[in-house]
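This report describes the helical packing and the nonpolar cores of the model shown below.

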Amino acid sequence: MEHVTITPPANFNLTEGYDATVKCLRELKEAALLPAPRGIRRWVRIDFTPIKSLSLAGAVVLAAEIDRWRHMKRAKLKPRDIDAWDPEVKRRLASIGFFELLGIDNPIEDEGVIDEQNVTILPLISGQRLEREELHGLLAAIMKAVARVLRQDPRVYGALIEAVYNSITHAYPDEIKCEFPPLKNGWWATAGWSPMQNSIKFWVYDQGVGIPATLPRSSYWEPVRALLAKAPVVGRSLGDDSHLIKAALEVDRTSLSGGHGKGLQDVVAPVHDLADGSVRILSGRGAILHSSGETKVTADRLLHLGGTLIEWTIPVVSASE
């Protein structure tokens, strides 16, 4: 029997702690999803006790990876040593519905699960079906309820629903193999309201090949290459995931054949007219932040995220303002 214990970093965060966080996620996938040496049984455990700070983006990706592990191995995973977990980490996971996602009772229900930094408005949901009507129906009911409670203009949420659908549909092309066995068409989503920032955040994560990997096989590739050819360092830009994502967004924005429902433009559309709205895309090794009509890139990371995470920030502004 081979025993493998995955030890997460103290700061499980996809911004400040990206490298250590993604390294941990990769170790988990290698241990849980790849075959053990012949004749050896592998027992895998992830120890949550070292985590002292857990971002919501990190929580979504961690939950999704554990959910994939559960489905792929048909394993009933039960968290251990919960009493030793950091109280805030435990509360954050409970608030987004992490334990329910695993099909187990919330172990701290009696303690209350109020997350002072984030009020969950959409417990973590997941699926492998991409029927537009089904996804629209599920999210539309939630978005309308949120709009009523916060007196928000509901039109922004209609655009967001379409953006979620389009971000998922292109994640798993048949002709490109994922490094780790995927849950075909798998997606995970959650949403929360931040009282401190007075904004609503939505996260959607998939475990696909990443936006940069799909570009060479898309109709965008030649226009993207042409756009990057104008960059000062062409070779670097063509191999740079962040610049590839930015260029694909720019090409989609200016393309006459792009149109609604066909590309990254739909992903950023919900924040076009919002002064404080933004969209952050982490995909492959790259990252961009789109706000106020401008897209900024982040230096590429050494490790591939293992999919695409999109985070929308929608300021809470009533329709009457």
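Helices (H or I, at least four residues) and strands (E, at least two) are DSSP runs, numbered from the N terminus. The model is predicted: local features need pLDDT of at least 70 and side-chain atom pairs count only at pLDDT 80 or more, whereas totals for chains, interfaces and linings use all residues. Residues are numbered from 1 along each chain as its sequence is written, and side-chain values use heavy atoms, without hydrogens and water.

Helix H3 spans residues 87-95. At its start, a side-chain oxygen of Asp-86 lies within 2.9 Å of the backbone nitrogen of Glu-88. Gly-97, which follows H3, has a positive phi near 90 degrees.

A nonpolar core is a set of buried Ala, Val, Leu, Ile, Met, Phe, Trp, Tyr and Cys residues joined through side-chain atoms within 4.5 Å. Two such cores are listed here.

| Core | Residues | Among its members |
|---|---|---|
| Largest core | 48 residues | Leu-14, Phe-48, Ile-66, Phe-98, Leu-309 |
| Another core, apart from it | 27 residues | Leu-122, Val-164, Ala-189, Ile-288 |

The axes of H1 and H2 (lines fitted to C-alpha atoms over the stretch in contact, with angles from 0 to 180 degrees between N-to-C directions) come within 10 Å and cross at roughly 5 degrees. H1 and H2 are therefore roughly parallel, a term for angles under 35 degrees. Their contact (heavy atoms within 4.5 Å) involves, among others, Leu-28 of H1 and Ile-66 of H2.

Conventions
Buried means under 20% relative accessible area, exposed over 50%, partly exposed in between (1.4 Å probe, protein chains only). A polar contact is a pair of N or O atoms within 3.5 Å; within protein, one must be able to donate a hydrogen and the other to accept it, and residues adjacent in sequence count only if both atoms are side-chain atoms. Angles under 35 degrees count as roughly parallel, over 145 as roughly antiparallel, 65 to 115 as roughly perpendicular and the rest as oblique.
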